[in-house]
Every structure is written in C-alpha cells, then in structure tokens.
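Thanks for asking me to look this over.

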Amino acid sequence: MLGPNGAGKSTMLSIALGLRAADTGTTKVFGSSPVEALKAGHVGVLLQEAGLLEDVRVSELVEAVAGMYAKPLPAVQTMRAAGVEQLAGKRIGQLSGGQRQRVRFALALAGDPKLLVLDEPTVGLDVDSRRSLWQHVRERVEAGSTVVFATHYLTEADDYADRVVLLSEGRIVADGPVEQIKALVGGLEVRFTWKDADPGRLESLPGVRQVHIDGPAVTLRTNDSDATLRALFLDLHEIKDVRTTATDLESAFVSLTGGND
Amino acid sequence: MRSYLKLELLRSMRSPANLILLTGFPLALYLLSTKVLQPKGLTFDFEASHMVSMATYGAMGGALFIGGAIALERTNGWLRQLAVTPLPAHGYLTAKLVSGAVGVLPSIVVVLIAGATLGGVRLPAATWPALAVLIWVGVIPFAMLGIAFGYSMRGQSASLAMMGVYFLLSVLGGLWLPVELMPSGMRTLAEYSPAFQAGSLGWRALAGQWPTGTSLLVLAGWTLLFAALAAWRYRRAL
C-alpha cells in the first residue's frame, strides 16, 4: 500500500485488522472477520508507533507474545530474524527508536503467522536494518506467506512489492503490478542547471512529462530517462550538473493530482 | 494467554513502585505511628489494630494501581498492539487482576510481620493467615475502582487522580487514624465507606470475631458499583 502521508494507508490497515469499523462494506481475512483471524493466530502485525512495555526485557516481551500463538517460532529465532538478539537482555525503556522498531518487527514475527502486516516498517531504521528487514520479508514470501506493507517510499514498493495499491486522499487511485504504477507516476527526475532555460525546448525532449524551472535549477520528470538524457546531451550544450533521482512519490503525487509544487 | 499472565506477574514482582509505595510506605507509617507518635487514651490495642490498618492501606493501593498501569498502557499504545495479537481483551484484564492480586500480598505480609516482630502483636496462630486472607478479600472493590479509573483517564492523570482517591478513602476509612477519634457525623459516613469496611474485616478478626453482615453487604455493594462503573468505562474505551 503506497501513498503519501495522510493518504489513508494506516486507516485502511486499521479497518483490515478490525481496529476500526468501516463506514460501508465488510472486511474478511482468510474468510473470517479480522478479529477471528487475529484470534486464530493467522496474522502478525507491526503497527506504526505501537506502544511497548517499558519495564520488561526484549526477550521477555517476545516470549510473552509468542506464547499467545499456537505454533510460534522459538523466541531466539524470532529475535535473530528481527535483528534484536543482541538486545535480548535489555529493558525496552533503554532502547533507541530504531531498536524499538526492530522489537515491533520481532513481535509481528513471533507467532510465525501466515500473513504479516507491516505499517511503515522501516521508519526510524538505519540502512543495514532496513536491508535485513526486507531480506527477511523476501524469505517469508518465498516460503509461501503473504506480506502486506504500507509505505510512502516509492523505492520500497518498487523493490519489494509484487502488487501495489496506490492511495491518495482516502481513495485507491491505482492497483496493479509495480511497473504499471511507475508508469503512472513517471519514473525518474532529471535535474540540472541551465542559466536561461527554454521551457519549449525542454518540453519537446523525448520522454519528458513535466518541466519545472526555478531560476537556473531545472527539474524534468520523465517516463524514459535514457531517451531524455541522450537528447539532453546531444542538443543542449549549455547545461551543467546533470543528475537523476528516483521520483519522489510525494511530489509525483502533487503532479498526478494537479496541485502546485 | 498464560504467557502474558507470566509476564504481568514478573512485572508486578519487580516493580520498584510496588515495593516502595505499597510496601515500604505502609511499613514506615506503621512504625512511625506505633513507635514514635503512640496515641494515648485508646481503648484498644493500637499496635494490633494499626497493623491491620496499614496492611489494608498498602493492599488497597496495590488494588487501585492496577488501573494506573492500564491507563499508561492504553495511552502509550500497548493495548493497540495487544489488540492485533491473539490475546482476547478479557485475557489482558484477567492478567492484570491476577497479577494485581498477587502483587498486593507483599504489602500485607510485610506489615503483618512487622506487627508480630517489632510491634509485639500476639495472636492465635490461625488468626495470622485469616488476617491476610480477609485483608486481601477486603480490597477487591478497589481493584474494580482502579480498573474504572484506568479506562476513564489517560496516562499520568489517572495515577494522580487515584492518588487523591486513595488518600481520601483511606483517611475516611480510618486507616490512618482510627474512626474512634473522628467527630460523630464523619464517623457515620466513614462506616459506610469501603476502606473502613475492608479494615473492619481484619479489626474484628483480631478479637476473634467473624465479619458482620453489614460489612459484607457494604463491601459487596461497593464492589458491584465499582465493577459496573468499570464495565461501563471499559466498553466506552474499546
């Protein structure tokens, strides 16, 4: 589930997990109500900003949660998978934000659930922790379980999702394989400086969907960065400092919904 | 569910707040009153009756503060996390009540031991365990009141409000100073208060007497009232 902050990702997950009632419609998880699916231990959940018990050790909390499930993983294995085995003996009150997030991930994994629901799982994590979290997610998917995650990072959806549901202002604006969504938001941004930028020439470059000029700073949004760059270097010799970046979803959204930058 | 109960028991056993506030404080008050202040002109054995008062006072706090933990865990989002585990909502409450019930035992036992050793209280052997059980039963209404608070208020404000109620009810119930020293109007009010009736279970046991029917009725009434309040607040908070 992909969308900018405030798009309704957490709300949708809350409804799917039975934490909130839907205004209309019904929710089913594995054919039963969300609460029944949770009770049966089919679902492991990482909620955004969920509280933890401050006065217990990491291992104690993981063991207590694992014990609620019928067929949990051994706590040691869960802690290793979530990268908190080094912290097993620490009180949760002493942990940093990133470490707490890893503990939340451990709690989601503890019951070895068929479905893993992760709401913004990498918030507050450093690069290594992010990578190991996604690696573990991939292993689970390959082993046959389902992982639903919410993110506002396009790259995370790009790298790890088979299917993307794009949300904006509480509505689903797109739902499909990741390539389809990427085409919709316009893959890459090309930035460079050009003193007297000519918007007409820029717009006629191949692949370009949108041109933004701010003094000498130019930003192009393009569907086909290879073609755009080739044309750019061939035709425009005045430009300097060319660099490309993945489209920032938040600004892509602005362009999709027709708002101002 | 059993694993969560285990965790809660562990927490209640090593909580410094429990140890200091609910065991150390009643113990210190007991020693202060019986060794330093020593009120004169009482017609009963103050060492023994105050031992019961302070044990009841400590246990009452333990029962009430079940709610303090609930309020904190509700506020910091832990209950939200629990809501997405297989633990049913009543499983959480049961774990809190059972761990709370075990958690009040040290307050009772420590003050009784202080009475027997430092206070020189002498009682028939069977009276000691009876006292512990009676005090333990007497504070049940406060556990209900604590839960009602826990589901009504958020974070620290619940603990602050409960401190106030704790203090008021224990003073009114004659746990700090015997009701015999109160003016008659206040005394009548005091005798219908839950803390007085909780204490009176133990005070009567000192003289080898069974609890009166009034005591049991009044305590049952408060328990029902607070339980209804707790159930109502609990449903509102879901």
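This is a predicted model: local features need pLDDT of at least 70, side-chain atom pairs count only at pLDDT 80 or more; totals for chains, interfaces and linings use all residues.

1. The unreviewed UniProt entry lists "transmembrane region" for chain B at residues 50–72, 93–116, 128–151, 158–179 and 210–232.

2. On to chain A, where the domain assignment gives domain 1 (9–182) and domain 2 (186–256). Between the C-alpha centres of these two domains of chain A there are 37 Å.

3. A residue in chain A that I would click on is A:Glu189. Strand 6 of chain A, residues 188–193, is where A:Glu189 sits. Is A:Glu189 buried or exposed? A:Glu189 counts as buried because its relative accessible area is 2%, and the cut-off for buried is under 20%. Its side chain has polar partners: the side chain of A:Arg191 is in polar contact with that of A:Glu189 at 2.8 Å, and the side chain of A:Arg221 makes a polar contact with that of A:Glu189 at 2.7 Å.

4. Now for the place where the chains meet. Here 28 residues of chain A are in contact with 20 residues of chain B. About 2100 Å² is buried between chain B and chain A, and carbon and sulfur atoms give 62% of that area. On the chain B side, B:Trp78, B:Val84 and B:Pro86 lose the most area to chain A, and together they make up 31% of what that side buries.

5. The interface has polar links as well. Eight residue pairs are in polar contact across chain B and chain A, both residues being at pLDDT 80 or more. The count of salt bridges between the two chains is two, and one of them pairs A:Glu60 with B:Arg14, whose closest N and O atoms are 2.6 Å apart.

6. Which helices of chain B each supply at least two residues of the side that touches chain A? They are helix 1 (2–14) and helix 5 (78–83). Helix 1 of chain B gives the most to that side, with six residues.

Terms used
Residues are numbered from 1 along each chain as its sequence is written. Chains are lettered from A and ligands numbered from 1 in the order in which they are written. Side-chain values use heavy atoms; hydrogens and water are left out. UniProt positions are given in the numbering used here, feature names are shortened, and annotations may be inferred rather than shown by experiment. Helices (H or I, at least four residues) and strands (E, at least two) are DSSP runs, numbered from the N terminus. Buried means under 20% relative accessible area, exposed over 50%, partly exposed in between (1.4 Å probe, protein chains only). A polar contact is a pair of N or O atoms within 3.5 Å; within protein, one must be able to donate a hydrogen and the other to accept it, and residues adjacent in sequence count only if both atoms are side-chain atoms. Domain bounds come from an automatic or database domain assignment. Contact means heavy atoms within 4.5 Å. Buried area is the accessible area (1.4 Å probe) that two parts lose on being put together, summed over both. A salt bridge is a side-chain nitrogen of Lys or Arg within 4 Å of a carboxyl oxygen of Asp or Glu.
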